[in-house]
Amino acid sequence: TNQPIFSEKHTNYPSILKMREIISVHVGQAGCQLGNSCWELYSLEHGISQDGTMSESATRVDLDSVGTFFQNTKTGQWVPRSVFVDLEPSVIDEIKCGPYRKMYHPSQLISGKEDAANNFSRGYNSVGRSMIEETMKIVRKEAERCEDRPQGFFLFHSLGGGTGSGFASRLSHEIQQEYGKKISKFEFGIIPAPQVSTAVVEPYNAVLAMDFSSIEHYNVSFLFDNEAIYKICKDNLEVERPAYSNLNRLICQNVSSITSSLRFPGQLNVDLSEFEVNLVPFPKIHYPLSSYSPIISRDRAAKSQFSVREITTESFEPSNHMIMCDPRMHRYLSCCLLYRGDVLPRDATKAIEHIRNQSTCRFVDWIPCSFKVGITSQMPTVPKNSEMAETPRSACLLSNSTAISDTWQRLGGKFDLMFAKRAFVHWFVGEGMEEGEFLDARDTLEVITRDYTELNGDSKTDDDEF
């Protein structure tokens with residue numbers, strides 16, 4: 001009785017999408033605030049109100065697709081398949097008092113009483129250890145509510161924060177131990193930016209998180225930095241002083257595009273496992289760059305056409321990438337182009353051919369078919385109070401490029417400057433770490449940097465190291 005009533009024209013609509021549930025885990029301040037923006041966008045896309053009820057105008061397609069991210073209760077409410085956890089209560093309290101507070105189940109919002117104080121070791125060892133079992137208990141409950149088993153876990157966090165680096169590393173380890181490698185685990189991480197920083201010890205936290213979890217526990221890792229997204233907001237959206245909410249909404253458009261094929265019908269759908277197969281040539285080379293197009297203000301949108309060729313070309317521009325690097329100086333290993341809205345396969349093929357002929361886009365020659373394409377008929381959605389304009393189509397580019405090595409080199413350089421003087425190391429050692437773990441983590445980062453650099457240096461030689 002609580003289900004939406006279909007009009008006669010919808011009763012014979014075929015069930016076109018298989019249920020593919022994804023559990024989102026949001027860790028730390030950045031992860032939880034990013035989660036807020038993500039669930040705001042998902043709700044708008046699926047016609048779900050702030051209290052979790054479905055719009056009466058929902059079609060059969062809406063109900064078939066909504067199960068990927070939401071579960072339906074006996075009262076007809078749609079509850080996110082998510083877990084929010086932070087070691088201190090302030091961010092979780094904001095969600096409990098926010099506009100979407102009625103949509104979440106209270107058990108999904110977990111908070112402690114003492115934060116990690118920007119210390120990886122506190123999040124991983126002392127403070128974080130006491131909360132890991134409570135968190136895993138809720139994760140198990142969310143997994144049990146899936147029809148069969150979840151297709152994947154999405155983990156949102158900041159690699160520079162104490163909770164986001166330390167506790168997220170421990171949590172990803174526990175999820176890996178419990179669910180193994182058969183279930184995909186995708187990482188959406190905020191990494192320290194080249195110039196903008198919120199904590200002095202960010203390089204330590206990020207390098208330790210890379211070693212303890214990111215390289216080994218995730219199938220694919222999508223990384224973002226605040227400086228790149230801040231620049232996009234200022235240049236493309238004309239926001240003079242972007243807030244975290246502006247940055248988070250941009251990242252959410254990427255996340256939504258990645259999962260759109262799981263949730264909506266289209267001519268070319270892409271599964272989670274297909275991302276891994278097409279974007280990850282070697283197990284540790286799993287750090288694709290991401291970009292989105294068009295990112296344009298409402299004022300400028302009236303003067304633009306948004307052709308498939310135009311948005312495809314824009315997605316390859318460095319100014320649209322959500323991490324500070326320049327792919328034009330490096331080589332692409334593989335690319336995945338995810339289109340939404342009014343896009344025909346032949347137009348996508350022509351746009352890709354145009355990209356291939358540009359001298360600024362260089363591909364390794366030992367991967368002859370380097371493009372994977374997904375097309376979803378659902379148009380991109382933006383919140384009403386967003387600075388972004390609504391457009392009839394969009395393109396999200398996921399590209400495994402050797403340009404990410406620049407990010408690792410910058411991060412390693414900052415780590416080396418501090419660690420040469422052993423600055424701040426005593427705070428980490430005092431919470432249960434050993435100095436040797438810093439050296440091991442730095443060696444791990446050096447290996448992944450060298451692996452990417454070698455792929456860029458000689459694309460024709462067979463590399464026996466892999």
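1. By class, six nonpolar, two polar and one charged residues make up the lining of the second largest cavity. This is a predicted model. The residues in question are Phe153, Phe154, Leu155, Ser172, Ile175, Lys185, Phe186, His217 and Tyr218.

2. The largest share comes from β6, with three residues. The second largest cavity holds about 50 Å³ of space.

3. How many cavities of 30 Å³ or more does the structure hold? There are five.

4. Lining the largest cavity are Ile191, Pro192, Ala193, Pro194, Thr407, Arg410, Leu411 and Lys414. By class, that lining divides into five nonpolar, one polar and two charged residues.

5. Now the open space. The largest pocket contains about 630 Å³. It is lined by 28 residues, and the closest to its centre are Gln29, Ala30, Ser158, Gly161 and Thr198. Elements giving two or more residues to the pocket lining are α1 (28-46), α6 and α9 (244-263).

6. Which element gives the most to the lining of the largest pocket? α1 does, with four residues. By class, the pocket lining has 10 nonpolar, 14 polar and four charged residues.

7. One element is worth a second look.

Technical notes:
Residues numbered from 1 in each chain as written. Predicted model: local features only at pLDDT ≥ 70, side-chain atom pairs only at ≥ 80, totals over all residues. Heavy atoms only, no water. 1 Å grid on protein atoms, 1.4 Å probe; cavity = no way out; pocket = protein on both sides within 12 Å on 5 of 7 lines; lining within 4 Å. Points joined across faces, edges and corners; volume = space filled by probe spheres on them. Nonpolar A, V, L, I, M, F, W, Y, C, P; charged D, E, K, R; others polar.
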